[in-house]
Amino acid sequence: MAEEIFNVKKDKNPSEWFTEIIKTAELADMRYGVKGFLVFQPWSVESMEKMYYHLEKNLKKRGHKKYWFPTLIPEKNFKLEGKHVEGFTPEVFWVESAGNEKLEERLALRPTSETAFYSMFSTWIRSYKDLPFRTYQRANVFRYDTKMTRPFLRSREFHWIETHCAFATKKAAYENVLDDMRSTKDVVFEVYGVPTLVFQRPQWDKFPGADNTYGADAITPSGKVIQQPSTHMLGQNFSKPFNVTFTDENEKEQHAYLTCYGPCVSRIFASVVLTHGDDKGLRFPFEIAPLQIVIVPILADKEPKVLVEAEKLKEKLEEEGFSVEIDDSDKRPGEKFYYWEMKGVPIRVELGPRDLAKKKVLLYRRDTEKKKEIAIKDIIKEVQKNGEELSKNLKKEANDNFKGIIKDCKSIAEVKKVVGKGIARANFCTCEMEGEACAEKIEKETGGEVRGIRIDTEEKAKGNCIVCGKKATQVIYIAKSY
Ligand SMILES: [Zn+2]
């Protein structure tokens, strides 16, 4: 149809679909002129603001207090933890001068803020009574990534939340790690509708400076994985060089156990787009849609009272906290419909003179693509109900697509057939460092990466490692990453 403004087959080429929808829906603009940096446009920003809101609400509920830390980290702090420096140094942007003067000490543009937070933890935390100590900040971080930029997925500046917490015992720290992962499920799945699998990463794939890393992987429509929030068990690796200590009940000085968690909103947004979009364009769960309702007045040029009624409806809906716009542009109704469907607005309200006479409107839902007539007096109730149903529906659809994506494999050859289209599950020797050679072999022969062992469900290995033939101790998952 000539009026269609977006029609890219998502299943055929998800990657092309993603590139095209970013441009057509005006989510981000790559033409800023600094390599690896892009401009996020209102349609993605509005949705990401709502995503932030839900994440922060969850963190606050769990006792995290919000901070705003400086963007710059002094080089001496940054260099305190050996493995951390080693891992991050190639990615750091440095500030070396100010005005015409060269700085005495270089300052790092934060690539992540462990070394900022823990330098202050050492002055704030004194006694066991100060623990647990839970913080977070909403920040943008900078990493000199040399791979090709992909909007939302890979760029040199990204927008995230990072939490930093201190505990008296290792057990309490680990409990918090599990809690972080539950929080991923509560927000990323329950609100954003993006299903994930939660893994403990192999030892060779952990965060620089951590004892262990736990990551949630979302799945793309083509069966690849996107790493989403990860939590790091830092043990005492940072509390020792940063001197984060407390006096325990017996007046003894102890080093705290630290954890950090980093849900990257701009990256999760990519998963939201990829998970819910269809051939017509974007679709959003109701709670995080940039715009929830669009009102399209019909024949308003001939009947001015249609527009007056549309304004009244908008006001009424806004009073209830919904985001609403009226499209009174001079485009034809059909064009407007296609446009807002492409933009992923969950609910469209159509209102014409004939509907008005009946005191009714037409309510269209983006997920079912069905219209129904409702009484104007019921509009609030109907919008609420249909918004909830739409979110539930998108979540169910996402979950159903997820099922069947995991395939059990008994050999490298079987893994090879699965990765790229799905996730392979196999028996493996170990995710401790000794297993790295087996993982390398898998990666070389299949192109898939070992994502780790599940921590959201219990699985027992049987038989032997599919690579070396030694007795298997773990069940691993193998996938290509996006
Ligand atoms: Zn092995």
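This is a predicted model: local features need pLDDT of at least 70, side-chain atom pairs count only at pLDDT 80 or more; totals for chains, interfaces and linings use all residues.
Residues are numbered from 1 along each chain as its sequence is written. Helices (H or I, at least four residues) and strands (E, at least two) are DSSP runs, numbered from the N terminus. A residue is called buried if 20 or more other C-beta atoms lie within 10 Å of its own, exposed if 12 or fewer do, and partly exposed in between, with C-beta atoms placed from the backbone.

- Cys438, Ala439, Ile442 and Thr446 are the buried residues of α13, which spans residues 436-446.
- They sit on the same side of α13, because they cover an arc of only 100° around the axis (the arc is that of the directions from the helix axis to the C-beta atoms).
- Those buried residues pack against α12 (412-418), β21 (423-428), β22 (449-454) and β23 (474-479); contact here is between two residues whose C-beta atoms, placed from the backbone, lie within 7 Å.
- Just past the helix comes Gly447, with a positive phi of about 80°.
- Trp204, in the loop between β9 and β10, is in contact with Met433, Glu436 and Ala439, leaving aside its neighbours within four places in sequence.
- Trp204 has 14 other C-beta atoms within 10 Å, so it counts as partly exposed.
- Along the chain Trp204 and Glu432 are 228 residues apart, yet their C-alpha atoms are separated by 7.7 Å.

**The eleven-strand sheet**

- The open sheet has eleven strands, in the order β3-β7-β8-β14-β11-β10-β9-β22-β23-β21-β20, with mixed pairing; two strands pair if DSSP finds at least two bridges between them.
- At the edges are β3 (65-66) and β20 (406-408), each with a single partner strand, so one side of each is left without a neighbour in the sheet.
- β3 pairs with β7 in the parallel sense over two bridges, and Lys66 stands opposite Tyr136 in β7.
- α5 packs on the sheet, where it touches β7, β8 and β14, and its direction makes about 30° with that of β8.
- α6 (residues 170-189) also packs on the sheet, touching β8, β9 (196-200), β10 (212-219), β11 (225-235) and β14, with a direction about 160° from that of β11.
- For these angles, axes are lines fitted to C-alpha atoms, for helices over the stretch in contact, and the angles run from 0 to 180 degrees between N-to-C directions.
- β23 is mostly covered, with five of its six residues buried.
- β23 pairs antiparallel with β21 over five bridges, and three bridges join it, also antiparallel, to β22.
- Tyr477 in β23 is the bridge partner of Arg425, and Gly452 stands opposite Tyr477 too.

**Buried parts**

- Helix α5 (residues 114-124) has Glu114, Thr115, Ala116, Phe117, Tyr118, Ser119 and Phe121 buried.
- The cover over these α5 residues includes β4 (72-74), α3 (75-78), α4 (82-88), β7 (133-142), β8 (157-167) and β14 (257-261).
- The largest nonpolar core has 122 residues, of which Ala166, Ala256, Leu258, Ile293 and Ile478 touch the most other members; such a core is a set of buried Ala, Val, Leu, Ile, Met, Phe, Trp, Tyr and Cys residues joined through C-beta atoms within 7 Å.
- Helix α7 (residues 265-276) gives the most to this core, with seven residues.
- Neighbours within four places in sequence aside, Ile293 is in contact with Leu317, Phe322, Val324, Val345, Ile347, Val349 and Val383.

- Most residues other than glycine have a negative phi, and most peptide bonds are trans.
- The bond from Leu131 to Pro132 is cis, with omega near -5°, and Pro132 lies in the loop between α5 and β7.
- Phe152, in the loop between β7 and β8, has a positive phi near 70°.
- Phe152 counts as buried, because it has 27 C-beta neighbours inside 10 Å.
- Glu251 also has a positive phi, of about 65°, and lies in the loop between β12 (245-247) and β13 (253-255).
- Glu251 has 7 other C-beta atoms within 10 Å, so it is exposed.
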